[in-house]
Amino acid sequence: MYWFKWGDFLAQSAKWFNHSLRWLIYIVLLATLIVVIVYSGLAYLEKNQDYLEQQLSQAMHTTVRMEKFNATWHGFEPEIHITGLHIYHPQYPSVVIMGIPHVKLELALWQSLLQWDVRLDGQVDGVNLNLVQDASGQWAIEELLALGESRPEVRQTAANWLLAQAEWQLAQTNVVIRPSQKPAIQLHNLRLQNQNRGSKHQFRVQGLFNQQPFKLFADLQATGDIFQAQTWQGQVYTQLPVQPWHQWLTKPIISDSQIIKAEFGGDYWLTL
């Protein structure tokens, strides 16, 4: 029969405490080392903005300039502010093909720890974009076509990276969508919030659709290639203004029929 001995309990408790304390010290030292490295790196970039511009220019194969680069700390998370980001035409060095007034990037600490990889919270303000569709149905950002042909693998990589980050916010954004052989769609004063947790993605979009207010809220899950419509599953709510939607319908809902005119608007709930 085993008899409880208070001395053995105290000895085991002391051993467990020393072991836990040792690991706690290791974790604190590792965290401190990471903070020092990140802080030193951000301080170096802040003092050497020219070096960062050079690296960005090499990556994009064109000149990239920033009016100001500022790195700060928000709690335990580093935060980067970029003011006046300008991308120039590769053949015409004085021509700005895209300007972004303000970018904020912040480390999403908990998401990074859970994924064991760097995850960001990003905010972009004041962007103006033109999305164009060619005759083959492929989409591209018109402003960036000067950098070279828009390749599917590049779009796939960029989109997957964006949806892997913890959160994105867009504010004061204007987008013109130009489908092939169809009227353009004007989206003004867009406010977008996108939160991502693995394969689950939440979108909240509000703004003006051809000068009329609209909303789109979606909770979706991607099960494959994000550029394939059948990949997405989930719930969608949208509040659409009255518009001549027949202009953008690619094919009739009922086979062997022809839609002459279709103007409608309202609140719609969809399950994909």
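**Group meeting: a walk through a predicted protein chain**

Good morning. The protein chain exposes about 18300 Å², and carbon and sulfur atoms supply 61% of that area. Please keep in mind throughout that this is a predicted model.

Let me begin with the chain as a whole. Its secondary structure comes to four helices and 12 strands. Of its 272 residues, 28% count as buried. If we take the contacts with a separation of 6 or more, residues 24 or more positions apart account for 43% of them.

How far may we trust the picture? The average pLDDT of the protein chain is 80, and 78% of the residues score at least 70. Which element has the lowest mean pLDDT, and which the highest? Helix α1, residues 6–47, has the lowest, at 59, while strand β9 has the highest, at 93. Where pLDDT is low, the predicted coordinates should not be read in detail.

The next element is helix α2, which covers residues 49–60. This helix has 12 residues and reaches 17 Å from its first C-alpha to its last, close to the 16 Å expected at 1.5 Å a residue. Its buried residues are Gln49, Leu52, Glu53 and Ser57.

Is Ser57 buried or exposed? Its relative accessibility is 15%, and because buried means under 20%, Ser57 counts as buried. Leaving aside neighbours within four places in sequence, Ser57 is in contact with Thr62, Thr63, Val64 and Arg65. Just after α2 comes His61, which takes a positive phi of about 60 degrees.

We now move to the strands. Strand β9, residues 200–209, and strand β10, residues 212–222, run antiparallel and are joined by 10 bridges. Within this pairing, Gly207 stands opposite Phe214 in β10. Strand β10 is also joined to strand β11, residues 232–244, by eight bridges, and these two run antiparallel. Here Asp219 has Gln235, in β11, as its bridge partner.

What lies between β9 and β10? The hairpin of these strands has two residues between them, and Asn210 there takes a positive phi near 50 degrees. Gln211 lies in the loop between β9 and β10. This residue has a positive phi of about 75 degrees, although it is not a glycine. For context, most residues other than glycine have a negative phi. Gln211 is exposed, with a relative accessible area of 52%.

Where does its phi lie? The phi of Gln172 is near 50 degrees, a positive value in a residue other than glycine. With a relative accessibility of 57%, Gln172 counts as exposed, because the cut-off for exposed is over 50%.

In the strands, β10 is joined to β9 by 10 bridges and to β11 by eight. Thank you for your attention.

Conventions. Residues numbered from 1 in each chain as written. Predicted model: local features only at pLDDT ≥ 70, side-chain atom pairs only at ≥ 80, totals over all residues. Heavy atoms only, no water. Expected span 1.5 Å × (residues − 1). Buried < 20%, exposed > 50% of the residue type's maximum accessible area, 1.4 Å probe, protein only. Pairing = 2+ DSSP bridges. pLDDT = per-residue confidence, 0-100. Contact = heavy atoms within 4.5 Å. Areas by Shrake-Rupley, 256 points an atom, 1.4 Å probe, with all protein chains shown as cover.
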